[in-house]
Amino acid sequence: MVAPYFPQLPSIRLLILATFYLLLTYLLASIPFGLLLSVIVADIDPRTAGSRNIGATNVYRLAGARLGALTLVADMLKGFLPALLAPLVHPGPYFVGLVAFTAFAGHCYSAYLNFKGGKGVATATGVFLAISPIATIISFVTWLVIVRLTRRSSLGALTATVLLLPLMYGLTPDSLWIGVIIAVGIVIRHIDNIRRLLGGTELST
């Protein structure tokens, strides 16, 4: 007699570990590195000038290339490291995607800034670099080219985000679902930028 099939449920210990990891990911991704670096090193609060955003572009605009680059790397790492290590914590097929979304949400809705934050592009880039590296590198190069040509980081980010989805579909289709979710989140976070781009008033880098 063939026994009926029941999917093996994760143990309570594994669920607790996964929950703790998600919480840790959120708290790490919530750290506003752009704000901390700008205030500590340059005595500038990026929330009060430029685009009033704590991300790398506004930090670069206000505090220079060095702090802008440091902010970019730090914001990417807080998405890259949790997503890269996630399979070691929980082998489930959807856990990496859940970690990826948690990191993105942590940056956009920081626990340390009254649930306000950045646009999430750099953190999402770090996440996707761990999940779909080739697609992410191609999209990142696209962002660089568009920013170089137009001096509009938001246009580069939106274009790269749209390009990423068909690349993920072809290269890592199992991860496409989280790509779509985060891409929608990036577009939502850039609504004001889209309006300024259409109106010709978007700030240059």
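**A walk through the model**

Let's start with Arg195, which counts as exposed at 57% relative accessibility. That label has cut-offs: buried means under 20% relative accessible area, exposed means over 50%, and partly exposed is whatever sits in between (1.4 Å probe, protein chains only).

A quick word on what you're looking at. This is a predicted model, so local features need pLDDT of at least 70 and side-chain atom pairs count only at pLDDT 80 or more, while totals for chains, interfaces and linings use all residues. Residues are numbered from 1 along each chain as its sequence is written, and side-chain values use heavy atoms, with hydrogens and water left out.

Back to Arg195. It forms a salt bridge with Asp192, with the closest N and O atoms 3.4 Å apart. Here, a salt bridge is a side-chain nitrogen of Lys or Arg within 4 Å of a carboxyl oxygen of Asp or Glu. Asp192 is partly exposed, at 45% relative accessibility. Both residues sit in helix α10, 3 residues apart, which is about one turn of the helix. As for the helix names, helices (H or I, at least four residues) and strands (E, at least two) are DSSP runs, numbered from the N terminus.

How many salt bridges does the structure hold? There are 4. One of them joins Lys78 and Asp75, at 3.3 Å from N to O. These two are 3 residues apart in helix α4, so about one helical turn separates them. Are they buried or exposed? Lys78 is buried, at 2% relative accessibility, and Asp75 is buried too, with a relative accessible area of 2%. Then there's Arg47, whose salt bridge with Asp45 brings the closest N and O atoms to 3.0 Å. Arg47 is partly exposed at 40%, and Asp45 is partly exposed at 22%.

Stay on helix α4, which covers residues 65-89 and includes Leu77. Leu77 is partly exposed, with a relative accessible area of 39%.

To find them, a 1 Å grid is laid over the protein atoms alone: a cavity is a set of points where a 1.4 Å probe fits but cannot get out, while a pocket is an open set with protein on both sides within 12 Å along at least five of seven lines, and lining residues have an atom within 4 Å of a point. Grid points are joined across faces, edges and corners, and a volume is the space filled by probe spheres set on the points.

The largest pocket holds about 900 Å³ of space. It is lined by 44 residues, and the closest to its centre are Ala56, Thr57, Val121, Trp143 and Ser153. Two or more lining residues come from each of α3 (56-63), α4, α6, α7, α8 and α10 (191-199), with α7 giving the largest share, 7 residues. By class, the lining has 19 nonpolar, 18 polar and 7 charged residues. In this count, Ala, Val, Leu, Ile, Met, Phe, Trp, Tyr, Cys and Pro are nonpolar, Asp, Glu, Lys and Arg are charged, and the others, Gly among them, are polar.

The second largest pocket has about 320 Å³ of space. Arg52, Asn53, Lys116, Gly117 and Arg189 lie nearest its centre, out of 15 lining residues. Its lining has 2 nonpolar, 6 polar and 7 charged residues, and α10 gives the largest share, 3 residues.

Last stop: the loops. Most residues other than glycine have a negative phi. Asn114 has a positive phi of about 55° although it is not a glycine. You'll find Asn114 in the loop between α5 (95-108) and α6 (121-131), where it is exposed at 69%. Arg151, not a glycine either, has a positive phi of about 60°. Arg151 sits in the loop between α7 (133-150) and α8 (153-171), and it is partly exposed at 36%.
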